[in-house]
Amino acid sequence: MISDQLHWWQQGVIYQIYPRSFKDSNGDGIGDLQGIITQLDYLTWLGVNAIWISPFYPSPMADFGYDIADYCNVDPIFGDLGIFEKLLEQAHRRDLKVIIDFVPNHTSDEHPWSVESRSSRINSKRQWYIWRDPRLDGGAPNNWESYFGGSAWAFDQHTGQYYLRQFHAKQPDLNWRNPEVRSAMYNVMRFWLDRGVDGLRVDVLWMPIKDDQFRDNPINPEWKDGDLPWAHQIRLYSEDRPEMHEIVHEMRAVMDNYAERVLIGEIYLPLPNLIRYYGDNLSGAHLPFNFELVLLSTWNAQTIRQAVEAYEAALPAEAWSNWVLGNHDKPRIASRIGREAARVATMLLLTLRGTPTWYYGDEIGMQDVTIPPHLAHDPQGKRQPGYGRDPVRTPMQWDGGPNAGFCPVNADPWLPLAADYQKINVALEREDVYSMLTLTRALLTLRRTKRALNSGNFYVVESKSENCFVYLREHGKQRFLVALNFSTEAQMIPLPEFGKGRILISTSLDREEQVYLKALSLRSHEGCVIEIAED
Ligand code: GLC
């Protein structure tokens with residue numbers, strides 16, 4: 001049972017839906033809100049507690065919905081406000097919470113605010129965006145670089161000034177130093193909260209405020225060819241400015257006028273900076289996304305243990321932790337580490353302390369799909385070959401039939417399907433007692449039903465094996481050992497202090513048995529959740 005003392009977002013699991021790719025209900029090859037409605041029963045069957053839907057607002061789709069032309073509506077590709085309300089109502093009827101994306105850093109250049117702002121230097125919306133004069137030589141006002149490549153400044157011929165755009169030229173940055181912008185954006189939050197959405201995932205929450213003097217960013221002295229293009233500069237002045245925390249606090253105050261809503265921040269920063277987004281006295285984001293597991297360059301028991309311990313140690317008292325394995329911007333887990341290892345990663349994510357966020361399709365082991373250049377859409381990949389995000393956004397594989405059940409037979413999916421979808425799909429894996437889907441669902445059930453697993457204490461256990469990561473989850477008398485072997489070799493780990501226990505689930509799904517923990521054996525890529533017998 002879910003306890004009353006904890007918030008739903010503390011005990012639940014969040015499932016991210018990229019709406020273009022989840023389910024197409026009208027045959028245009030692009031997923032939509034009605035498609036999501038048709039799959040709500042799947043999501044409750046799977047056992048997640050909340051869905052986070054990436055942007056579905058009116059958009060020219062220069063960055064696939066992260067360029068918003070109207071914050072308070074639905075793009076016709078995805079449906080309309082009425083369908084969104086139906087989705088909300090249908091989700092709530094199933095006790096599923098709904099989190100939506102809030103994109104405060106930038107609008108589309110086709111947003112009426114931007115159109116006005118660009119129309120003349122004296123327009124009342126001019127100061128809603130960040131305009132600067134060219135340097136004397138005509139160049140950009142400073143050296144800031146865009147995440148999508150090139151300068152972060154775009155020149156506007158008509159008014160003879162540059163505007164800031166940290167992403168696409170069609171995504172001008174809003175001016176968060178302007179109180180009118182703040183109040184308009186807080187009204188956007190209220191628009192959706194009034195309709196009953198349960199939470200907001202705030203896009204690039206560390207970026208909206210920039211240095212008031214627009215100083216040049218230092219160049220990263222360690223950067224070399226082949227490194228991530230956006231790591232070329234140390235973004236000291238263009239992001240994570242001290243003033244940002246005041247805004248996060250204001251956003252939180254808006255949320256706090258409503259009961260039981262969650263404020264999640266997308267934040268890619270080193271731990272000490274990330275942690276500050278919880279705010280003084282936890283008055284900031286409830287969950288600043290923790291991407292430590294997404295960003296690990298080496299995936300093994302030691303690096304994972306270090307990441308977990310460092311994060312746990314950095315968290316302020318009472319702050320609620322959270323973990324992410326994948327999202328619409330990063331390579332899929334089953335591609336990063338392989339399908340077998342992804343099963344262990346799933347057990348890790350669903351047994352760690354803190355709220356897990358799940359990326360659609362990872363529950364069936366979807367992998368990145370190579371997209372031929374002529375079919376590429378993502379602006380980041382087009383400007384920076386090799387860094388495209390299309391491969392992780394391909395259509396959900398519902399069944400082995402035509403178009404994987406994502407869209408009707410005669411439709412053309414907006415991105416190609418994985419070549420292996422006839423083997424890797426929901427329909428097939430539902431029937432397979434050993435599948436990744438069966439494993440994910442079983443772990444979700446276990447997590448939901450065992451208080452120690454969804455909100456108990458967490459202790460690292462010394463395992464004497466450098467290939468294994470072992471920890472204890474505990475609530476009252478309920479104790480579970482989680483023992484994860486991240487290597488391809490079988491491991492024998494002595495845990496005599498725990499006496500005997502019962503394996504409730506193994507990542508191989510073929511082992512439910514009593515074990516003496518003085519010598520616990522784990523096969524290659526095997527993880528187990530073991531209930532410790534009360535003595
Ligand atoms: C966030 C989104 C990403 C988008 C960018 C600009 O990082 O997750 O998909 O391109 O913001 O909005």
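Modeller: Let us begin with burial: a residue is buried under 20% relative accessible area, exposed over 50% and partly exposed in between, using a 1.4 Å probe and protein chains only. Strands (E, at least two residues) and helices (H or I, at least four) are DSSP runs numbered from the N terminus. This is a predicted model, where local features need pLDDT of at least 70, side-chain atom pairs count only at pLDDT 80 or more, and totals for chains, interfaces and linings use all residues. Residues are numbered from 1 along each chain as its sequence is written, and side-chain values use heavy atoms, leaving out hydrogens and water.

Colleague: Which residues of strand β7 are buried on each side?

Modeller: In a regular strand, side chains alternate between the two faces of the sheet. In β7 (residues 199–202), Gly199 and Arg201 are buried on one side, and Leu200 and Val202 on the other.

Colleague: Which strand does β7 pair with in the parallel sense over four bridges?

Modeller: Pairing requires at least two DSSP bridges between two strands. Strand β3 (residues 97–102) pairs with β7 in this way, and Asp101 has Arg201 as its bridge partner in β7. Strand β8 (residues 262–265) also runs parallel to β7, joined by four bridges.

Colleague: And what surrounds the ligand?

Modeller: Here, near means having a heavy atom within 4 Å. The ligand is surrounded by 14 residues, the closest being Asp63, Asp203, Glu266, His328 and Asp329.
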